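Here is a short report on one protein model. Look at the structure first, then read on.

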Amino acid sequence: MPRLMLPDVDLAYQAAGDGPPVTFLHGFSQRGVSWNEVVGLLGEGFTTVLPDLRGHGLTVAAPDAPHTMAACASDLAGLWDRLGIGATHLVGYSMGGRLALHLAARLPGRLLSVVAVSAHAGLAEEERGPRRAADEELAVRIESEGVEAFAEHWAALPLFAGLARRGPEVLGRLEQARRANRAEGLAASLRGMGAGAMEPVWGRLAGFDRPALAVAGEADRRYRDYAERLVAAIPGARLEVVPDAGHAVHLEQPERFVRALRGFLEATG
């Protein structure tokens, strides 16, 4: 896997194809390779970029390096510079979707469009404190019990119940990738990039003047509400609600997700 050495991080990534660039940002505890099925279904005609974000996969940050939205945004800008990408379509899921929205608010000039999958642009102030406390509790648990115990706990959350329909092969592949993470990386990511740590950017999204798509699973009511709020916040944004899907839309219904994604990308020119 190619690597990019930056001042405080050794960033692992995949890049392949030819055509308009599309960068995919994974969710918490996942890796860039979690998008491989989507990339395969998307087919030819695009340059796809799949980084392992700080705290995840084969990316290794310096011991005291920040694991924040701003730090990851800087990593991505450096990666795009390395690859000669001036602007890219950006697709992010869950934590990666929040990062995509952070970039839409902070570095809109580097984006051709943004697709936020099961994501929001930050919690209300009264929600942030309790969420930070919950994320800190989980971070301590990961550090004390290890990634194996965390992976079992995370996979059993009701949020991901819809993945069961994909069968043991897909579940096993996801579990293997999750267990390949490092405890210290996941803990640092929770502390610096968790939903409670993220500075909300809802108010800045009104200035994003490029195409935008908010995607949510039909069964994921909370994130359907967030998707509707994103459509109201971003001028001209579109909403895509995927039937028979929960939170992990692109993993639960990859064919339906890719149809919606390809249609959106082709419509942007």
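## The largest cavity

Which residues line the largest cavity? They are Leu101, Val114, Ala116, Ala212, Leu213, Ala214, Leu230 and Ile234. This is a predicted model, where local features need pLDDT of at least 70, side-chain atom pairs count only at pLDDT 80 or more, and totals for chains, interfaces and linings use all residues. Residues are numbered from 1 along each chain as its sequence is written, and side-chain values use heavy atoms, with hydrogens and water left out.

A cavity is a set of points on a 1 Å grid over the protein atoms alone where a 1.4 Å probe fits but cannot get out; a pocket is an open set with protein on both sides within 12 Å along at least five of seven lines; lining residues have an atom within 4 Å of a point. A search of the whole structure finds one cavity of 30 Å³ or more. The largest cavity holds about 30 Å³ of space. A volume is the space filled by probe spheres set on the points, and grid points are joined across faces, edges and corners.

Strand S7 (111-117) and strand S8 (212-217) each supply at least two lining residues of this cavity. S8 gives the most, with three residues. Helices (H or I, at least four residues) and strands (E, at least two) are DSSP runs, numbered from the N terminus. By class, the cavity lining has eight nonpolar, no polar and no charged residues. Here Ala, Val, Leu, Ile, Met, Phe, Trp, Tyr, Cys and Pro count as nonpolar, Asp, Glu, Lys and Arg as charged, and the others, Gly among them, as polar.

The largest pocket contains about 550 Å³ of space. It has 31 lining residues, and Phe28, Arg131, Asp135, Trp154 and Leu190 are the closest to its centre. Helices H3 (95-106), H4, H5 (147-155), H7 and H8 (221-233) each give two or more residues to this lining. H4 gives the most, with six. The lining divides into 14 nonpolar, 10 polar and seven charged residues.

The second largest pocket has a volume of about 230 Å³. Of its 13 lining residues, Val33, Ser34, Arg173, Leu174 and Ala177 lie nearest the centre. Helix H1 (36-42) and helix H6 (168-179) each supply at least two. H6 gives the most, with five.

## Helices that pack

Two packed helices are described by the angle between their axes and the distance between the axes. Axes are lines fitted to C-alpha atoms, for helices over the stretch in contact, and angles run from 0 to 180 degrees between N-to-C directions. Helix H4 (residues 125-145) and helix H7 (residues 183-193) pack at about 175 degrees, with axes 9 Å apart. That makes H4 roughly antiparallel to H7. Angles under 35 degrees count as roughly parallel, over 145 as roughly antiparallel, 65 to 115 as roughly perpendicular and the rest as oblique. The contact of H4 with H7 has eight nonpolar, no polar and four charged residues.

The axes of H2 and H3 come within 10 Å and cross at roughly 75 degrees. H2 and H3 are therefore roughly perpendicular to each other. In H2, the contact (heavy atoms within 4.5 Å) is made by Met69, Ala70, Cys72, Ala73, Leu76 and Trp80. In H3, Met95, Arg98, Leu99, His102 and Leu103 take part.
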